[in-house]
Amino acid sequence: MKEGEFRIPSGCAIAALIHKDKHRENGERITQAMQMMHERSNGLGGGFAAYGIYPEHKNEYALHLFYDTLQCKDACEAYLSHHWNILHEEEIPTKPHSQIKDAPLIWRYFIESVEHDENKMTETMFYVNTSITGAYIFSCGKNMGVFKGVGYPEDLAEFYCLNQYQAYTWIAHGRYPTNTPGWWAGAHPFGMLDFALVHNGEISSYDANRRYIEMFDYPCSLLTDTEVITYELDFLMRKHQLSFVECADILAAPFWDEIDQMRPDKKRYYTMLRRNLGSMLINGPFSIILGFQDGVGAMNDRLKLRSLMIGEQASCVYMASEESAIRKMSPQLNRLFSLKAQEAYVVTYEEDAK
Amino acid sequence: MIDAKNLTASELNTKIRESDADVIEIQNILGQRYIANASNGKKIKLFGTCGNNLGSFLDGSEIEVFGNVQDACANTMNDGKIILHGMCGDALGYGMRGGKIFVEKDCGSRCGIHMKATKTKQPLMIIGGVVQDFFGEYLSGGTLIVLNLQNEASCCGRYCGCGAHGGSIILRLSDLSQACHLTSQLKKVDDKKKAYIDQALNEYANDFHITLPKTMDFYEVIMQNKNPYERLYVEN
Amino acid sequence: MKKQPKYEIIKDQDRCDTCRACEFQCANGVYHYDAEKKKMIIDSLSCVNCQRCVEYCHQNALKIIANRNEYHHGYWQMEDMQEIYQQAEHGGMLLSSMGNDKAYPKYFDHLLINASQVTNPSIDPLREPMEVRTFLGKRTHHITRDTNGNIQIKVHPHLHLKTPILFAGMSLGAISYPAHQALLEAAKALGTFYNCGEGGLPKAFYSDKDSIIVQVASGRFGVDPTYLKHSAAIEIKIGQGAKPGIGGHLPSRKNSALIADTRMIEEGSEAISPAPHHDIYSIEDLRQLVNSLKEATQYEKPIIVKVAAVHNIAAICSGIARSGADIIYIDGMRGGSGAVPTRIRDHVGIPLELALASVDQTLREEGIREDVSIIAAGGIRNSADVLKAIALGADAVAIGTAALIAMGCHMCCDCTKGNCNWGIATQKDALVKRLHVEQAKRQLIHLIQAWTLELKEMMGGMGICSIEALRGNRMMLRGIHLQEEELRILQVKHAGSR
């Protein structure tokens, strides 16, 4: 059975490296951070998201796809070319690695974008992923890309030659699933337009959240927490223009006994949100890092059941499940702190950063 | 002196066990877990960022850390001492039943959960900074002291001492508002307890080479549930 | 045909001390003391097995069993034949009370609950926050911002409950005045709601309006603007699980002064609740009534629409959700009633579990699940049923029969006689006096408190700390001993599958 036909609970390691001034570097430091947290994964999944890697194509959609067979590729390309203008296509360069087996075909396409075509792109992604067998779009943003698969993150980094890419933000994930997924698309980060989400924990509210968000035409085909959380954030941030911090007020809303004690305006605000959008409330442990166009956000669940450390040094921000992973990327740090329960932390790129 | 670079946790622990130095010094620690687990009879100095589960099941050794410590340190610690010149993550001292942990700076969530004591063994934990949510949850024995030496706005998070039914949770407050997240009542510590605290803090101040404020007000969290299951069940 | 007694009373002669308590307690005249023979004479033909005498016999000398005089065929059961004898004798419809007692599957008993282990932590409700606070009403995701950039989302009229369990509507007339008092007082203490049923609202209850749901049923008994005003919500009762499609009838003998006054009709008259609301013959008429009530109460109160679970319940609820109603109350076939034709009770309607799962799924597929909250009722027996109902998609549950049992009902199912020995389903003063409000109130409070504790314990066990995360969370249930089609309708996997 494929992932998507049943749910695989998993634990993980997450990390991020962000240059606020959009200075770019290759994937070496982030890979070392993931290597540091090797014990949190079990080799059955890993991945990276990189922002700023396709400056020559920065206004085009960069689609990353997995194909089971060449026939699936043909079917998918027929669909894509019917709806979009494909400007360039190529296989994503990879290097054989002893620990990385059974890789699918991995391709990328640069696609012309016109104004307001985000919904069209998400529809394309949903259609391909639910209806074209053996084809999966796992990244569809601009000037960014997800690289993931079944294996340890550090091995996948080598496999994907991540030291050949220059990115101003790297986000990474190492997975510890309790089942053998075998299917590369199930690995994380989950990519959708400019969003790339990594998540540590297993949420108990999954089915309640899924059955809510599916009402708005988001197909939960992977049955993963990461997928449903990304959809909730897309719904709130892109469709309803909420900020990441406001999303935390919904996804990790305070407890009623705290809300009861708040001053009237805050009480009204939180009650209004929880009263109406309670089906998006997440129960269970989670720490998430979301990459998006204007920056990177991190959020913790209400009971702080997973750890997430944040470090700052010069114009870099580091995030990781463990301090040692941050220290590996940057031994010196101006500031190091643990993200508190319910708290949302956002890094925004500097105005004049290019 | 042991250089931890490129050594795994197991290799480090083997070196610790095999060493007969008076004080074992380990440099360049970065993320190695399980260091000094179940260790006894050693004095160890650690430099760097210690990974999860430092000193779990510690059985009498003394560990001094120059750097930060990650999660689950001193899990089910039985005896010994940990002096931490830095801050630590979540779940410090879970199920600890003996020995002492002194932390210079802040701690994360769920520290001091279900610590327990007997007539002959009493664990002690002193935090120089502040603690987050669920501090001393399920506490059944031992003493926890939060000093908040930096006088932050709040010394502890929510749900402090929830389910605690024995032992003492003691907060140093320069202003009662620093216990704003506390739902339990507080009472000023009695003289006997104050004497115990003073003695413990003397040792603490020595270990960190600091001078503590001359006047310090200590308050103890009043435990709510001595017998939490009393009215809960009816036989079927 | 000689009428056979349904029950047989077994008295331990050695234990009986002829204190005659059984005689004084039995309102059905089963016992009388023969002074000559110095013993109790038992006429079990009148016995309905309400267990009053068994409870009150201080010698524990009494036991009631099914009549051991048996005759039956492999296919034709005794009960089948007896019913034919009765109808052959009288020519009328068989009348029963309470809910469906036939052996249809109890789907709640085929659903197993999850617990968290290893991959996800369970939560201890005694130590950590466990939220069962429930709001019933419309929810919206329509977000705007004011001129200061602050998020604005409309908060629709709603009910605020401290626990997801309400009391179902049972009319004054079907049950006694002290029963109503106990239900109201318990609802107030628990932070939930009492429903006055279709018999009107006693004036003495007006000051407690914030804990009251008033019912607008087809007979419109007691419905006037004052009635509507003294409520937290208004329930349009279209149907109930015990008797889908048919109305109700309070016989004139139960229409006492108090009942008549509360219903705003003449004492001693027949009180008929017609089958349909005669102003609702099509779905758009429902919307009209909903809006009419909202106008009459200035849009301040949520409107509940109560329907029985029937075959096309999903389509019906889809229509209700689009009619402007705020809450849908689905009453399954196990729901109770004071008086209902036996065949309707036992053969009309479908189980709550299937109806609820189907409605929740359909509303989600149509994208309108959040436009209404759902109350599920009809045979909720314990906190496990409550949890399973919420996991299947309900926002809250309502209990009728369980509440009556908590007050002392022993399910003799003979409410129509009006001789309820427990003082619940009767209007006779001597019997009504037996129901002590304080004690009944306390029993109700204890029941709901105990269920709420159990609910929290089970939620914590599955790693959930807020009831919103349980609502519709089908993955927390697994089916056992169910067919594929049943699993499909319930949208639940079989136990053991991934």
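**A strand on the inside**

Tutor: Let's begin with strand S7 (residues 144–149) of chain A: six of its six residues are buried, so it is largely enclosed by the rest of the structure. "Buried" means that 20 or more other C-beta atoms lie within 10 Å of a residue's own; with 12 or fewer it is exposed, in between it is partly exposed, and the C-beta atoms are placed from the backbone. Strands (E, at least two residues) and helices (H or I, at least four) are DSSP runs, numbered from the N terminus. Before we go on, this is a predicted model: local features need pLDDT of at least 70, side-chain atom pairs count only at pLDDT 80 or more, and totals for chains, interfaces and linings use all residues. Residues are numbered from 1 along each chain as its sequence is written, while chains are lettered from A and ligands numbered from 1 in the order in which they are written.

Student: Which residues point one way from S7(A), and which the other way?

Tutor: A:Met144, A:Val146 and A:Lys148 go one way, A:Gly145, A:Phe147 and A:Gly149 go the other, and all are buried.

Student: How many bridges join S2 to S7 in chain A?

Tutor: Two strands pair if DSSP finds at least two bridges between them. Here, strand S2 (residues 46–51) of chain A runs antiparallel to S7(A), with six bridges joining them. One spot to look up is A:Ala50, whose bridge partner in S7(A) is A:Gly145.

Student: How do I read a sheet, then? In what order do the four strands of the open sheet in chain A come?

Tutor: Read across the strands by their pairing. The order is S4-S5-S3-S6, and the pairing is antiparallel. At the edges sit strand S4 (86–91) and strand S6 (135–142) of chain A, each of which pairs on one side only. Ignoring direction, neighbouring strands of this sheet are turned by 20° against each other on average. Angles like this use lines fitted to C-alpha atoms (for helices, over the stretch in contact) and run from 0 to 180 degrees between N-to-C directions.

Student: Which helices pack on that sheet?

Tutor: Helix H2 (residues 70–83) of chain A packs there, touching strand S3 (61–67), S4, S5 and S6, and its direction makes about 155° with that of S3(A). Helix H3 (residues 118–131) of chain A also packs on the sheet, touching S3 and S6, at about 165° to the direction of S6(A). Touching is about contacts: two residues are in contact if their C-beta atoms, placed from the backbone, lie within 7 Å.

Student: How many helices and strands does chain A have?

Tutor: Chain A has 10 helices and 16 strands. Its radius of gyration is 19 Å, close to the 20 Å that the globule rule gives for 354 residues, so chain A is as compact as a globular protein of that length. That radius is taken over C-alpha atoms, and the rule is 2.2 Å times the number of residues to the power 0.38. Buried residues make up 58% of the 354 residues in chain A.

Student: And what is there in chain B?

Tutor: Chain B has two helices and 11 strands, in the pattern β-α-β-β-β-β-β-β-β-β-β-α-β along the sequence. Of its 236 residues, 51% are buried.

Student: How many residues are in contact between chains C and A?

Tutor: 35 residues of chain C are in contact with 32 residues of chain A. The chain C side has 14 nonpolar, 10 polar and 11 charged residues. Here Ala, Val, Leu, Ile, Met, Phe, Trp, Tyr, Cys and Pro count as nonpolar, Asp, Glu, Lys and Arg as charged, and the others, Gly among them, as polar. Between chains B and C, seven residues of chain B are in contact with four of chain C.
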